[in-house]
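Biologist: I want to know what stands behind the labels. Can you take me through them one at a time?

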Amino acid sequence: MTTTTTTINDFTEGFGETAERYRAINEKLVETGKKTANAVLEGYEKALGNYVEFGQQLAGATQLEWVSTVVKAQNEFVTELNAAYLSAARDLLK
């Protein structure tokens, strides 16, 4: 009976240690995933900023007022929509 009890205790201790290592690795993976996702969001935000800036330059360079108005409206829409998207995505990563 003592051998069986010792074997069960050894197994239980080994399982607990393995579970703890698994938990630590899982936490590191989650942390790394969040850092990566934040970096991707920052890159997306910069790319979008460049796109909007180019659109503004384009709108300023055109001789047609209606083109300028359409481009400015599109830039405002894209900026507002993506601000909401980025805010929601960052809230999920907290």
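Predicted model: local features only at pLDDT ≥ 70, side-chain atom pairs only at ≥ 80, totals over all residues.

Biologist: What is the secondary structure of the chain?

Modeller: The chain has 2 helices and 0 strands. Helix α1 covers residues 2-61, and helix α2 covers residues 65-92.

Biologist: How do you know that the length of helix α2 agrees with its number of residues?

Modeller: Helix α2 has 28 residues, so at 1.5 Å a residue it should span 40 Å. The expected span uses one less than the number of residues. The end C-alpha atoms of α2 are 41 Å apart, which agrees.

Biologist: Why is Asn 82 called buried?

Modeller: Buried means under 20% relative accessible area. Asn 82 has 10% relative accessibility, so it counts as buried. Asn 82 sits in helix α2.

Biologist: Which residues does Asn 82 contact, leaving aside neighbours within four places in sequence?

Modeller: Those residues are Tyr 44 and Leu 48.

Biologist: Why does Ser 68 count as buried?

Modeller: The same test applies: under 20% is buried. Ser 68 is at 12% relative accessibility, so it passes. Ser 68 belongs to helix α2. Its side chain reaches the backbone oxygen of Ala 59 at 3.4 Å. Not counting residues up to four places away in sequence, Ser 68 touches Ala 59 and Thr 62.

Biologist: Which other residues of α2 are buried?

Modeller: Besides Ser 68 and Asn 82, the buried residues of α2 are Val 71, Asn 75, Val 78, Leu 86 and Ala 89. Over the chain, buried residues make up 13% of the 94 residues.

Biologist: Where is Tyr 44 in relation to Leu 86, in sequence and in space?

Modeller: They are 42 residues apart in sequence and 9.1 Å apart in space, C-alpha to C-alpha. Leaving aside neighbours within four places in sequence, Tyr 44 is in contact with Asn 82, Tyr 85 and Leu 86.

Biologist: What share of the contacts with a separation of 6 or more comes from residues 24 or more positions apart?

Modeller: Such residues account for 70% of those contacts.

Technical notes. Residues numbered from 1 in each chain as written. Heavy atoms only, no water. Helix = DSSP H or I, 4+ residues; strand = E, 2+ residues; numbered from the N terminus. Buried < 20%, exposed > 50% of the residue type's maximum accessible area, 1.4 Å probe, protein only. Contact = heavy atoms within 4.5 Å. Polar contact = N/O pair within 3.5 Å; in protein donor to acceptor, adjacent residues only side chain to side chain.
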